[in-house]
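Trainee: I'd like to learn how to read a model like this one. Could we go through it together?

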Amino acid sequence: TIVEVTEDLLMKAADLAEDEGLRGYDAVHLAAALSVGATVMSSADTDLCDAAERRGLHVANPLDP
């Protein structure tokens, strides 16, 4: 799914960045996933994976054994 970066998405990302301590791009990534109702997040970024799990997503980190 291609997610358009809108003002609403950026506002949600800003909230996620503050609430979860994420960097900007990671917050946009998570906000986009949540906006489309994703159930799985794949990332090698530990902070993003942790935030996604706290938000109810299943995480697939390719660096996990």
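Mentor: Gladly! Helices (H or I, at least four residues) and strands (E, at least two) are DSSP runs, numbered from the N terminus. The expected span of a helix is 1.5 Å times one less than its number of residues. This is a predicted model, where local features need pLDDT of at least 70, side-chain atom pairs count only at pLDDT 80 or more, and totals for chains, interfaces and linings use all residues. Residues are numbered from 1 along each chain as its sequence is written, and side-chain values use heavy atoms, leaving out hydrogens and water.

Trainee: What span should helix α2 have at 1.5 Å a residue?

Mentor: Its twelve residues, 24-35, should span 16 Å, and the end C-alpha atoms are 16 Å apart, which agrees. Just after α2, G37 takes a positive phi of about 75°.

Trainee: Which residues of α2 are buried?

Mentor: Buried means under 20% relative accessible area, exposed over 50%, partly exposed in between (1.4 Å probe, protein chains only). In α2, the buried ones are D26, A27, L30, A31, A32 and A33. They pack against α1 (7-20), β1 and α3, with contact meaning heavy atoms within 4.5 Å.

Trainee: And S43, is it buried or exposed?

Mentor: S43 is buried, at a relative accessible area of 11%. You'll find S43 in the loop between β1 (40-42) and α3 (46-54). Not counting residues up to four places away in sequence, S43 touches L48, C49, A60, N61 and P62.

Trainee: What does L57 contact, leaving aside neighbours within four places in sequence?

Mentor: L57 is in contact with L30, A33, L34, A38, T39, V40, M41 and A52.
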